[in-house]
Amino acid sequence: MSKTIAFHLQKGGVGKTTISGTLACQSALDGFKTLVIDCDPQGNLSSWFLKNAPKYELSDVLQGRCYVNDAILPSADVDNLFILPTFGIGGTLKNYSETKLSEEPFVLQDLVNDVSAEFPHIILDLSPGLGRLERSALIASDEIITPMTPEVFSLDGLEIFIDELQKLRKNMRSDVRHTKIIINSYDERIRQHRDIYGVAESSGRFSVYRIPVDPLFRKAQEAGKAPQLFKARGRGLKPATVEAIRSLDNSIWLE
Ligand SMILES: Nc1ncnc2c1ncn2[C@@H]1O[C@H](COP(=O)(O)OP(=O)(O)O)[C@@H](O)[C@H]1O
Ligand SMILES: [Mg+2]
């Protein structure tokens, strides 16, 4: 059985790419053949994990310009980790999503179905927003997990997302799950962070996970490495970060 997860909230900078990449690395390090599909026209995740410029990108596959296996590349850093890339510069995903995608909203779902026999774990990295491209990716997923940062407006952003997702489920006849949220860049010492965690927890609607603020994520991204394998000045991820990643990894692939 294969499972596809999208980490999504319409807001930018909440950690979608960081969490997608890090959990994909964890899954691959645990021995599961894992595919990340870069559905963000900015291609951040592809630049993070691929050393050389790819020949084909996701948009080529969606438009039938190449076979999916011609476009999927192994990560340079982690065994079992594969990327279906998007070119940040010179890419055609944005244009495709604004034109042809409207005629074929299930194209990403079909693609996921095609590769699911080969990859037991699939992660979709999405751009911010809730346009056609993000909607197509959300309905291609079995589960959506929402990362958010512990800021004043983040709970409002979550409410908006829940509302939009409800409509999407109805319109697209989708039964995608949405039962987990991640408070990212969490700092236990900051009262506002504790308060936002408290509110999210006490609503009882979600399992709430926390990922600590950890500068190693950015450093690993700059170096093109998996955070779990990277050290800066002899130091890796904080033990609390490693623990948070393990805890998420243990629960997200289960059902
Ligand atoms: N837990 C964290 N601790 C510290 N920095 C983080 C953390 N998560 C993400 N970041 C940094 O925040 C920035 C935005 O994260 P990113 O994953 O690109 O967000 P998004 O994909 O939602 O736009 C990046 O520079 C990333 O390195
Ligand atoms: Mg991103």
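Q: What volume does the largest pocket have?
A: Rolling a probe the size of a water molecule over the atoms shows where empty space is left. On a 1 Å grid over the protein atoms alone, a pocket is an open set of points with protein on both sides within 12 Å along at least five of seven lines, while a cavity is a set where a 1.4 Å probe fits but cannot get out; lining residues have an atom within 4 Å of a point. Here the volume of the largest pocket is about 420 Å³. This is a predicted model, in which local features need pLDDT of at least 70, side-chain atom pairs count only at pLDDT 80 or more, and totals for chains, interfaces and linings use all residues. Residues are numbered from 1 along each chain as its sequence is written.

Q: Which residues lie nearest the centre of the largest pocket?
A: They are Ser2, Ala140, Ser141, Asp142 and Asp175, out of 22 lining residues.

Q: Which residues line the largest cavity?
A: The lining consists of Thr18, Ile19, Thr22, Leu23, Ile211, Phe217 and Ile245. About 30 Å³ of space lies in this cavity.

Q: At what angle do the axes of helix H7 and helix H8 cross?
A: Two packed helices are described by the angle between their axes and the distance between the axes. The axes of H7 (residues 132-139) and H8 (residues 154-171) cross at roughly 70° and come within 11 Å. H7 is therefore roughly perpendicular to H8 (65 to 115 degrees).

Q: Which residues in H7 and H8 meet?
A: Arg135, Leu138 and Ile139 in H7 meet Phe161, Glu164, Leu165 and Leu168 in H8, where contact means heavy atoms within 4.5 Å.

Conventions: Chains are lettered from A and ligands numbered from 1 in the order in which they are written. Side-chain values use heavy atoms; hydrogens and water are left out. Grid points are joined across faces, edges and corners, and a volume is the space filled by probe spheres set on the points. Axes are lines fitted to C-alpha atoms, for helices over the stretch in contact, and angles run from 0 to 180 degrees between N-to-C directions. Helices (H or I, at least four residues) and strands (E, at least two) are DSSP runs, numbered from the N terminus. Angles under 35 degrees count as roughly parallel, over 145 as roughly antiparallel, 65 to 115 as roughly perpendicular and the rest as oblique.
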